[in-house]
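Colleague: Hi! Could you walk me through this complex?

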Amino acid sequence: MVTPNPTSNVVEARGLGLTFETNDGSVRALSNVDLTVGKGEFVSFIGPSGCGKTTFLRVIADLEQQTEGDIRVNGMTPAEARRSRAYGYVFQAAGLFPWRTIEDNVALPLEIMGYSRAEQRERVHRTLDLVNLAGFEKKFPWQLSGGMQQRASIARALAFDADLLLMDEPFGALDEIVRDHLNEQLLDLWARTQKTICFVTHSIPEAVYLSTRIVVMSPRPGRVTDVIESPLPRERPLDIRETPEFLEIAHRVREGLRAGHSDE
Amino acid sequence: MVTPNPTSNVVEARGLGLTFETNDGSVRALSNVDLTVGKGEFVSFIGPSGCGKTTFLRVIADLEQQTEGDIRVNGMTPAEARRSRAYGYVFQAAGLFPWRTIEDNVALPLEIMGYSRAEQRERVHRTLDLVNLAGFEKKFPWQLSGGMQQRASIARALAFDADLLLMDEPFGALDEIVRDHLNEQLLDLWARTQKTICFVTHSIPEAVYLSTRIVVMSPRPGRVTDVIESPLPRERPLDIRETPEFLEIAHRVREGLRAGHSDE
Amino acid sequence: MSLALTTAPAAPSLLHRLAAGKTLPVLIVLAALLALWYAFTVYLNAPWQVDAYERAGTTWTTADLVRDTMAQERPVMPAPHQVAAEIWKTTAGTRITSKRSLFHHAWVTLSSTLLGFLIGTVLGVLLAVGIVHNRAMDKSVMPWVIASQTIPILAIAPMIIVVLNAIGLSGLLPKALISTYLSFFPVVVGMVKGFRSPEVNQLDLMRTYNASGPQTFWKLRWPSALPYLFTSMKVAVAISLVGAIVGELPTGAVAGLGARLLAGSYYGQTVQIWSALFMAAALAALLVGVIGIGQRLVMARMGEKP
Amino acid sequence: MNWALTGAFLFWACAWALNEWLSRLTPRSTAGKRALGIVVPAIFGITLLVVWEGVVRGFEISPVLLTPPSAIWTRLISSIPILWADFQQTFMKAVLIGYAIGCGAGFLTAIAIDRSPFLQRGLLPLGNFVSALPIVGVAPIMVMWYGFDWPSKAAVVIIMTFFPMLVNTVQGLSASSAIDRDLMRTYAASYWQALFKLRLPAAAPFIFNALKINSTLALIGAIVAEFFGTPIVGMGFRISTEVGRMNIDMVWAEIAIAALAGSLFYGAVALLERAVTFWHPSIRNG
Amino acid sequence: ADDVTLQLKWVTQAQFAGYYVALDQGFYEEENLNVEIVPGGPDAAPVQMLAGGGADVMVDWLPSALAAREKGVPVVNIAQPFARSGLNMVCRKETGIEKPEDFKGKTLGTWFFGNEYPLYNWLSKLNLPRDGSPEGVTIQKIGFNVDPLLQKQADCITAMTYNEYWQVIDAGLTPDDLVVFSYTDEGVATLEDGLYVLEEKLADPAFADKMVRFVRASMKGWQWAKENSDEAAMIVLDNDATGAQTEKHQKRMMGEIAKLLGDTAKLDEAAYQQTVDTLLQGGSDPVITSAPEGAFTHAITDKAM
Ligand SMILES: Nc1ncnc2c1ncn2[C@@H]1O[C@H](COP(=O)(O)OP(=O)(O)OP(=O)(O)O)[C@@H](O)[C@H]1O
Ligand SMILES: Nc1ncnc2c1ncn2[C@@H]1O[C@H](COP(=O)(O)OP(=O)(O)OP(=O)(O)O)[C@@H](O)[C@H]1O
Ligand SMILES: Cc1ncc(C[n+]2csc(CCO)c2C)c(N)n1
Ligand SMILES: [Mg+2]
Ligand SMILES: [Mg+2]
């Protein structure tokens, strides 16, 4: 197991800021964000709706350009990192292609990255199993329920082996049982593969359960108001959520969030 | 306060079933659903993803036709109920019109139902305030974060006064604090106006906190496996969630859910 | 405010500014096309010129050939400067009221183009509305609308003109109706597609409001169809111009760009044909451009992501 | 009142009512649906013909202005070999080849324009320009360049079909949603991968739009081009010649063939569209 | 004044100088007529204009008028200002054609619209099939210009003495480069530019009287045009709305037209008979199947002269 190590930082943001220009003035979405994510870390981002979580992930992914400050991904610029296919991204909206069946949607990144036919089939099968969508391979997206679509889009991001996973509320539309199941699967995957994961969520228990670190953000302009290290062990059975340590961290996160809200 | 009263049932389903025909065979989404929702009730639907919650709401709303059984809304067929504008519907996906600003999106049902200019303005203002979107009136949907879009779509459904609210995971994309806030607001609205609410959610605490009755569903084909009456009082402070009664109901719901899952 | 915030970047070089805009690319592509054109001029006119030399028994050099191919009186392909000179002569060099003014003829054609396009667009949209809202119309009319477009217009144009003449319609309207006949079709096809483009959940939303047909139309179908409308209109206005020109032929081809084209062709005045062609194309480009500007303005108002 | 005329309009009223009733039916089987899709327009078409016949007879319109459908039919049946030869010359050669090249060129140019911002700014405005070259002016020039036979007609068809394809493809290539394009970016997909896997499928509805419009334009273009010089065979040749001979029934027989061929061509493209863009709401919603 | 609409067979040019002169010099006005001249074109079939009621009288060639008559539009020739045909077949000398028999194996370009029948008649006299075989000739339908000859796409093309022939010359070919066959000389000429009206209208004495005055004024116009050739050409030029005609060409055309005009407007029955004979022997599908009856009348010209 690798412990976070300053020489192998996956994400390093210094004084990061981003302002959107819109038809009626400018919106400051991020302001002076300093954050380092080490290799193998599982970092959750939590904060009120509209505080800039998605924006921050998009900057890492080179889908948005910061207007101030500096950011490095694997020691490179986000653009270089993107070109070296450093990460997988799960979007907040499923964004499946309506002209592809579910299995073909999941195979999309594999086709692009040049996996062999056989491997494509194997991986699609495996990841669809993982998200409990076996049996829906041949359906089209509009024939699936909202939660099923979201699971298909998670499968799509997991199908190829990126070392960094950027996940924007992947489990928002899922029920508790499936969510618990996927949480466990994700933790397992993370422990097994030493991936680095940046994870946006609105659920405090989920953030605490999954993360090594929880970043609490506050809105307008989006700032990091608190970074909470989790002392929980890496091995985490589901019922760890009833331990006092767990509840204590959850409490701290809730306090942090509430503080952000009262700023408004 | 009105107690559920068999003579004024808002929704009455008897032996309801629905089968979708797709390119590769038929999908049985609902099967033999019997359910009665009385006036002034708050009924939550919970169940694994793909179990037919959305489909059931859509049948009530006359957006889908049952293939078996019978359903009445306010004693009428769903089509008649729809034509008398009996309900407001919050969709699982925000579905804002991209060419309208946020305020115009919220004003849409008001325009259609012929409210006066002044009243439109007043109601848009009030409901946007309610969902914490004041200041974003003139933005276009793509300029808002995912959660903000979902809140705008809630505002849209609340802007006009339907007696029946059909809400499909309205708070899925929101953070806990905002969610708590909106939960309280919704309960308040419900108590004040004696609306009937059918509410789909994946969150067990949310279901228990809000509802007078919780309908647990299980998938393929979607059936009602359990209906849990909540003995909680109508007045519900947020911290009721730590009472033993609350936890007891939550436990029963979780058990019901798990039973449904193991069927799979 | 935004002015104060953004500090102006170091003034870019003129070249840079040109390259970023449309001017330089258009100029370069234009230059390439001109070069190609000159090459074609020499190539296509050379056989005739060589023939002429031989008939006259003169000896000639390549330089002679190149020079003479670009100065023929009735070339197979006129040189760009010949066309330019003719256009200049018939526009700037002639009173606008004169029958020899190309502007005068352009105006004659433009007026029936615009009238025809206007009627065609309205008709096309109305038909599309009918087709989208009425199943009987969808099923029965659409195939015949399509069939109508396979009728070669030039063949029935004379009959249209004669029939309209018989019921007392003459002048601008018959010509415009031929434009209409051609231009309503792209609008129908595009708008039927556009009116049907709203997503299922958007239509469902309107259903939950029990919105009336007109409400669903104006608040959902129409805005969704606007991108299609503009694209269709661009095609329709270009076709409408063709229709106006075709319409001039059976009406005696007395005035307008079509008349110029035809007269040029009867008297073998290639240069005149080409200048009329260019005027027509310029007119169309202008019309398409105007619609494009309209499109951008409307789309911006509808909050399209830039 | 005039018998022919009254009869025709009575027929019209009945057919209209019948169609209204038929199109309200919702047949369960696909065969039933397909049959309905043929019967309803057929009734409409027959109505048109009956009204036409009635009007011509009722108003005693001179046969050199308008011929009744019955006369056209007689003529059509007795001239099959000529019509077939004309059809081969015009449709099989000029139209199909010109259509393929014109649509292909418009499509490829759109890709080139999309690929290169330079061309986008340089070529698109000029593309608009070339597109609008009126057929009447271009046809004689093409005859001059490519001779009397079908290649000059195909050239006219190419010029006519190029622009609708170009405009629609350019528009379609920008139809994919921002989030989908972002997704491709996260895969570091190459330009071509994004094109083939996202942007072309998303552009397909627009491209088919152009293919449909062009299918009728191509036919008109080829026929009209034949007015400006042709060997003595071809649909356009026949039409212009027979007008001069006052054989209006033959003209309409030829037009009927053109309409039939054009409609079938359009129908074929529409079927292909259904198969390829099955996912688009306009087709999914019926 | 009485309104008269005249439909021309072709665009405004010196071919129709007489009518424009009559209008310009006020000859129509003197006859108390208010005349509107509508130019034609390649697609405007004057017969349709007449049948549809858009015109009272038209200028047309006899073959197409007879064809219309047989198709049920009873048009009648009321006057025939043109006594001779101006139709030629022009060949390039270098093709080796010296006499009509040499057409064998060559490509001939002709106008259609009824102009093909005299040629077909001629070819069947020469025993040349039109099937494009080496033993026969290839026929192509050409547009109304001389490019096919210049571009060597055809070995011979039809041309009017007063127009297309000179265009060939203007293009740079000399009379020495050409071989010209006159349809008149070959015995296949047909009567050209005559004035036609609908038979039923003629039954109305008021209309007949109008036509008498119209023909009288028109012939006065033609007489004037013959005598003042250059001024007549300028009048035509003034009336050309396309602004495309040139002075040089129209003046020359007027000179050639003058040679085709007869002394009177009265139809020459011998020439009429020759046209009919030519058309009846057209070949496989003739324009007219039987000799027409009452296709002309002298009633108008007799009163007018
Ligand atoms: N393209 C854009 N143009 C203008 N403003 C934008 C744009 N995208 C986002 N914003 C604004 O930036 C702020 C942050 O948005 P962001 O999407 O990052 O929020 P978020 O934290 O992901 O919220 P949520 O939890 O609701 O998804 C919001 O106020 C939003 O209105
Ligand atoms: N239009 C359709 N065509 C075919 N199958 C459909 C269609 N809509 C839904 N289904 C199927 O019906 C079942 C129930 O779907 P539904 O959307 O009601 O689920 P849900 O309970 O709302 O799930 P979620 O919580 O994920 O939103 C699913 O298996 C889905 O695949
Ligand atoms: C409908 C019709 N159009 C043209 C001609 C042939 N023609 C007759 S006069 C003339 C002008 C010569 O300069 C031409 C080309 C015809 N016979 N019929
Ligand atoms: Mg977000
Ligand atoms: Mg659902």
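**A chat about contacts and sites**

Modeller: Let's start with Arg196(C): apart from neighbours within four places in sequence, this residue is in contact (heavy atoms within 4.5 Å) with Ile131(C), Val132(C), Asp138(C), Arg221(C), Pro281(D) and Ser282(D). Before we go on, this is a predicted model, where local features need pLDDT of at least 70 and side-chain atom pairs count only at pLDDT 80 or more, while totals for chains, interfaces and linings use all residues. Residues are numbered from 1 along each chain as its sequence is written, chains are lettered from A and ligands numbered from 1 in the order in which they are written, and side-chain values use heavy atoms, with hydrogens and water left out.

Colleague: Where in chain C is Arg196(C)?

Modeller: Arg196(C) sits in the loop between α9 (172-195) and α10 (200-208) of chain C. Helices here are DSSP runs of H or I with at least four residues, strands are runs of E with at least two, and both are numbered from the N terminus.

Colleague: And which side chain does the side chain of Arg196(C) make a polar contact with?

Modeller: That of Asp138(C), at 3.2 Å. A polar contact is a pair of N or O atoms within 3.5 Å; within protein, one must be able to donate a hydrogen and the other to accept it, and residues adjacent in sequence count only if both atoms are side-chain atoms.

Colleague: How far apart are Arg196(C) and Trp222(C)?

Modeller: They are 26 residues apart in sequence, and 9.7 Å apart in space from C-alpha to C-alpha.

Colleague: Switching topic: how much area do chain D and chain E bury between them?

Modeller: About 2100 Å², with 61% of it on carbon and sulfur atoms. Buried area is the accessible area (1.4 Å probe) that two parts lose on being put together, summed over both. Phe148(D), Arg245(D) and Met246(D) supply 32% of what chain D buries against chain E, more than any other three residues. In residues, the contact takes 24 from chain D and 25 from chain E.

Colleague: How many salt bridges and polar pairs are there between chain D and chain E?

Modeller: The salt bridge count is 0, using a side-chain nitrogen of Lys or Arg within 4 Å of a carboxyl oxygen of Asp or Glu. There are 5 residue pairs in polar contact across the interface, both residues at pLDDT 80 or more.

Colleague: Which elements of chain D give two or more residues to that side?

Modeller: α6 (135-146), β1 (230-231) and α10 (235-244) of chain D. The most come from α10(D), with 5 residues. Also, β1(D) is joined by 2 bridges to strand β7 (residues 138-141) of chain E, running antiparallel; strands pair if DSSP finds at least two bridges between them. Opposite Pro231(D) stands Gln140(E) in β7(E).

Colleague: Now the ligands. Why is the site of ligand 1 shared between chains?

Modeller: Because residues from chains A and B surround ligand 1. A backbone N or O atom of Gln143(B) lies 2.7 Å from an oxygen atom of ligand 1, and a polar backbone atom of Lys53(A) is 2.8 Å from an oxygen atom of the ligand.

Colleague: How many residues surround ligand 2?

Modeller: There are 20, with Ser145(A), Gly50(B), Thr54(B), Thr55(B) and Gln92(B) the closest. Residues from chains A and B surround ligand 2, so this site is shared between chains. Polar side-chain atoms lie 2.8 Å from a ligand oxygen for Lys53(B) and 3.1 Å from one for His202(B).

Conventions:
A residue is near a molecule or strand if one of its heavy atoms lies within 4 Å of it.
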